[in-house]
Amino acid sequence: MKKVEEKIIQLQSQILESRIETEKELLLTEMKKIGIEKLPYSYSALKPFIDSETMDFHYNKHYKGYVDKLNDALSKKKYGDLELEQIIKNISRYDKSIRNNAGGAFNHALFWNMLSPKTQKLTGELYKKITKKWGTFTNFKKEFETAAKDRFGSGWVWLVLTAKNQLKIMTTPNQDNPLMNIIDGGGFPLLGLDLWEHAYYLKYRNKRDEYILNFWKVVNWDFVTKMYELRTQTKLLESTEFRNVISEQKTANFCDAKEIVYYKELLNPYKNKKFYEEEVRKTLKSVFGQFWVEETKDEMSGFYGIESPEGRSILNNLNSNINTFCLLVKAVNKEIDKIGKSDKKFDFTKKEKSNMKELSRFLNALDYFKTNIYTKKNPDFVNIVNVLLILWERGQKSERKVEEKLQNYFGESSKVTRFGKHGSKKDAFGGVDIVINLDGVDYTGQIKPFNTTKTDGDEIAVLGNANYADYKTDWLLFHNTKTDQILIFENKPIGRKYVFKLNSLLHEIE
Ligand code: FE
């Protein structure tokens with residue numbers, strides 16, 4: 001294993017000797033790879049919190065150990081020039097030893113800077129945000145302390161800024177960091193406290209509670225404020241950049257309608273559809289974990305703040321859309337081509353290759369290639385996001401039209417209310433798009449597109465949509481976007497496809 005300090009000294013002298021600017025730059029990059037953060041104070045500077053012997057050991061043995069092992073692991077795998085923060089954000093790409101050591105290196109580099117020999121007071125926007133959330137600053141500190149005490153075994157307690165721009169206290173096990181893409185409901189770390197025994201045992205022995213309380217005497221609130229400002233600024237940049245990438249591409253390429261039929265068939269059995277939805281969500285969570293938000297009183301769980309600074313992400317629709325299923329298969333096939341295993345590609349249009357076993361193999365492959373696919377650098381993914389956005393806008397347009405027509409049709413004694421908000425619970429759980437109040441009685445409705453119907457005896461099939469009857473509303477409404485015809489059925493389809501008894505047809509609105 002290379003001794004990090006020796007290498008730094010060697011590189012520094014090389015830089016001094018180097019007369020060519022480009023060479024200097026290359027050497028500086030080489031130094032960045034090592035990523036040893038200088039301790040910004042002496043070992044004894046944080047006395048009210050920690051003794052110099054612990055600091056010495058913590059910094060020189062534990063922290064440098066993580067950095068050494070990380071460099072070792074990275075060079076063995078030939079990962080090349082990487083920045084620590086990028087490794088952390090994409091940690092799902094790496095194995096366990098890199099996860100532990102990169103986490104250790106990153107967490108401690110933050111931690112040293114989060115401490116200050118001088119007792120500081122927090123003021124400004126972050127202070128306001130904290131007191132708004134917890135009522136008082138004391139309440140915030142108490143919750144932080146409780147979370148720290150409740151963390152069993154080794155780990156860290158954090159104050160993070162979530163994808164939805166919310167403050168949150170959380171803990172992580174071992175050397176995990178809230179920024180790692182494998183952490184559900186993570187976020188951007190603003191403040192963290194090391195809860196490993198190596199951080200306090202010499203001084204405090206088993207009195208971890210006392211160590212936690214003394215932490216407040218040395219928090220570097222200036223640094224925490226900088227972290228907060230950095231996040232609020234860069235987050236906007238990131239999302240704007242992503243939005244630009246999307247808006248640059250003016251048209252979206254949909255999968256061929258003839259091909260979609262096969263995908264629709266494959267996901268028709270309820271268990272296949274559920275399996276597909278859950279597995280795709282898992283792959284998204286392991287890449288965009290820090291954007292995952294648990295449900296609140298009004299809003300459902302999901303990804304927030306990916307392509308726009310705070311809003312619900314369109315990626316929440318990825319796992320329930322047939323067209324993008326087809327596009328994902330094409331993206332995965334390209335990755336398979338790249339590694340030269342074309343015989344392993346997927347073709348769900350062939351009957352013998354359109355079954356649960358192949359679906360399962362496909363979801364494994366998607367999981368394997370997820371970090372190559374779920375990135376704005378992948379044009380197929382940008383296209384998929386575009387397709388989702390266009391379909392969403394079409395749906396919204398159709399719903400607005402239906403609302404207008406129904407209000408005209410039912411007249412003044414009725415009231416038609418549409419739930420257009422993406423991600424509101426009403427919409428998601430029962431599938432309520434619209435509520436029609438007729439003489440004081442509410443009827444909930446889900447709106448689906450259709451293009452034609454087929455009548456057979458006393459049964460009528462509504463054709464031309466890719467979804468299935470999983471809604472709990474009173475009515476199912478079908479809107480023909482070309483002719484604007486609306487059919488309203490009682491929500492009593494025969495089986496899972498949209499076939500009804502003719503007497504379930506309540507209204508036919510031309
Ligand atoms: Fe530590």
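The arrangement of the four donor atoms around the iron ion is irregular, because they subtend angles of 86 to 137°. Donors are N, O and S atoms within 2.8 Å of the metal (3.2 Å for Na, K and Ca), and sites may look incomplete since water is not among the atoms. This is a predicted model, in which local features need pLDDT of at least 70 and side-chain atom pairs count only at pLDDT 80 or more, while totals for chains, interfaces and linings use all residues. Residues are numbered from 1 along each chain as its sequence is written, and side-chain values use heavy atoms, leaving out hydrogens and water.

The donors are His-58 (NE2), His-108 (NE2), Asp-194 (OD) and His-198 (NE2), at 1.9 to 2.2 Å from the iron ion. His-108, in helix α5, and Asp-194, in strand β3, lie 86 residues apart and link distant parts of the chain; helices (H or I, at least four residues) and strands (E, at least two) are DSSP runs numbered from the N terminus. His-108 is buried at 0% relative accessible area, and Asp-194 is also buried at 0%. Buried means under 20%, exposed over 50%, and partly exposed in between (1.4 Å probe, protein chains only).

The whole structure has 19 salt bridges, each a side-chain nitrogen of Lys or Arg within 4 Å of a carboxyl oxygen of Asp or Glu. One of them joins Lys-334 and Asp-380 (2.9 Å, N to O).

Methods:
Tetrahedral: all angles 85-135°; square planar, octahedral: opposite > 155°, others 65-115°.
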